[in-house]
Amino acid sequence: MDIVKTHAVHGGTLRYLKHDSAATGTPMTLSVFVPAGEGPFPVLIWLSGLTCTEDNFTTKAGAYRAAAGHGVIVVAPDTSPRGDGVADDPAYDLGQGAGFYVDATETPWASHFRMETYVTRDLLTLIDAGFPTTGVRGISGHSMGGHGALTLALRHPDLFASVSAFAPICSPTRCAWGDKAFSAYLGPDRKAWDSHDAARLIEAGAARGRFDDILIDQGDADSFLADQLKPELLQAAADAAGQKVTLRMQPGYDHSYFFMASFIADHVAFHAERLKA
């Protein structure tokens, strides 16, 4: 991996990195915050939302004071493969910047858009090999990245010991963002989509006995709440499956990074408690 730039922050070190991914067949970029000390440290993977790169969370969320205090490495990868020869779409919610954390099966996306394998294999291998980790990790994210955090944790519970999300797309099989992305990336078989839908996975028992709690923060002034995010579907699935989900509806908060910055310390503490147990 190549170190693009380095910053000191809250006593630790923030690095921007670039490396070649076997999963996507492209260079991928990410940021990694490592707290002060020799470690080893647990890891929190952060997945960002539509249009974002590794830089949005890194510069806007204000996570590193809490991460330094709890002794947690924080990793923020880009949201999709990019570059010449990588398929794209003029719209903001498909293509580059909109990988949806699935492995695409359809042309022209399948050759590069393999974000599930990238996160769960290439990224984790890179971090464990290059940084002083305990090998224990949690995952969180926002919006499309909240969908990614929930579904990757539920699909790969052996890899993640904790999971949380901000304003996640809770049931992409039942909203326009998911319908568009899954049609393009996964094809017309809607039954195949269910295994990438957090509400449907929880309803089917995927979280049972694996996570003691799932923390979700959602702003009630979020313009995407009713049509795209639908946390009530996730809560109903959790209730039916007997899975604890702590859904905090935050009055007056929207979909922006101001919302995340207001509650990110709670999420870091939530993960730290479980990753160090």
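In which helix is Phe 259 found? Phe 259 is found in helix α10. The model described here is predicted.

**Phe 259 and its surroundings**

Phe 259 has a relative accessibility of 0% and therefore counts as buried, the cut-off being under 20%. Leaving aside residues up to four places away in sequence, Phe 259 touches Phe 166, Ala 167, Asp 217, Gln 218, Gly 219, Gln 250, Tyr 253 and Asp 254. The C-alpha atoms of Phe 259 and Ala 61 are 8.8 Å apart in space, although the two residues are 198 residues apart in sequence.

Gln 250 is buried, with a relative accessible area of 12%. With residues up to four places away not counted, Gln 250 touches Asp 217, Gln 218, Gly 219, Asp 220, Phe 259 and Phe 263.

**The sheet and the helices on it**

Nine strands form an open sheet with mixed pairing, in the order β1-β2-β3-β5-β4-β6-β7-β8-β9. The edges are held by β1 (2–9) and β9 (245–250); each has a single partner strand, so one side of each is left without a neighbour in the sheet. On average, neighbouring strands of this sheet are turned by 20 degrees against each other, direction ignored. At one end of the order, β1 pairs with strand β2 (residues 12–20) in the antiparallel sense over seven bridges. Thr 6 has Arg 15 in β2 as its bridge partner.

Helix α4 (residues 144–155) packs on the sheet and touches β4 (41–47), β6 (133–141), β7 and β8 (214–219). The direction of α4 makes about 130 degrees with that of β6. Helix α10, which holds Phe 259, lies across β4, β6, β7, β8 and β9 and runs at about 170 degrees to β7.

**Core and aromatic pairs**

The largest nonpolar core has 90 residues, and those with the most contacts inside it are Phe 57 and Tyr 185. Phe 57 touches Trp 46, Ser 48, Ala 63, Tyr 64, Val 74, Ala 76, Tyr 257 and Ile 264, again without residues up to four places away in sequence.

The structure holds 13 aromatic pairs. The rings of Phe 33 and Tyr 64 have centres 4.8 Å apart and planes at 25 degrees, so this pair is stacked. Phe 33 belongs to strand β3 (residues 27–34) and Tyr 64 to helix α2 (residues 64–70), so the pair ties together parts that are 31 residues apart in sequence. Phe 33 is buried, with a relative accessible area of 0%, and Tyr 64 is buried as well, with 5%.

For Phe 166 and Phe 259 the ring centres are 5.5 Å apart and the planes stand at 80 degrees, so the pair is edge-to-face. Phe 166 lies in strand β7 (residues 162–166) and Phe 259 in helix α10 (residues 257–275), so parts that are 93 residues apart in sequence are tied together by this pair. Both Phe 166 and Phe 259 are buried. Ring pairs also link Trp 46, Phe 57, Phe 166, Tyr 253, Phe 259 and Phe 263 into a cluster.

Charged side chains also sit over rings. The charged end of Lys 5 is over the ring of Tyr 16, 4.5 Å from its centre. The charged end of Arg 274 is over the ring of Phe 270, 3.8 Å from its centre.

**Backbone exceptions**

Most residues other than glycine have a negative phi, and most peptide bonds are trans. The table lists departures from this pattern.

| Site | Backbone feature | Value |
|---|---|---|
| Gly 39 to Pro 40 | cis peptide bond | omega near 5 degrees |
| Thr 107 to Pro 108 | cis peptide bond | omega about 5 degrees |
| Tyr 101 | positive phi | phi near 55 degrees |
| Ala 167 | positive phi | phi near 45 degrees |

Pro 40 lies in the loop between β3 and β4. Pro 108 has its place in the loop between β5 (73–77) and α3 (115–130), and Tyr 101 is also in the loop between β5 and α3. Tyr 101 counts as buried at 0% relative accessibility. Ala 167 lies in the loop between β7 and α5 (176–186) and counts as buried, at 0% relative accessibility. Ala 167 is one of the residues that Phe 259 touches.

How values were computed:
Residues numbered from 1 in each chain as written. Predicted model: local features only at pLDDT ≥ 70, side-chain atom pairs only at ≥ 80, totals over all residues. Heavy atoms only, no water. Core = buried A, V, L, I, M, F, W, Y, C linked by side-chain atoms within 4.5 Å. Buried < 20%, exposed > 50% of the residue type's maximum accessible area, 1.4 Å probe, protein only. Contact = heavy atoms within 4.5 Å. Phe/Tyr/Trp six-rings, centres within 6.5 Å; stacked < 30°, edge-to-face > 60°. Helix = DSSP H or I, 4+ residues; strand = E, 2+ residues; numbered from the N terminus. Lys NZ or Arg CZ within 6 Å of the ring centre and 35° of its normal. Pairing = 2+ DSSP bridges. Axes fitted to C-alpha atoms, helices over the stretch in contact; angles between N-to-C directions.
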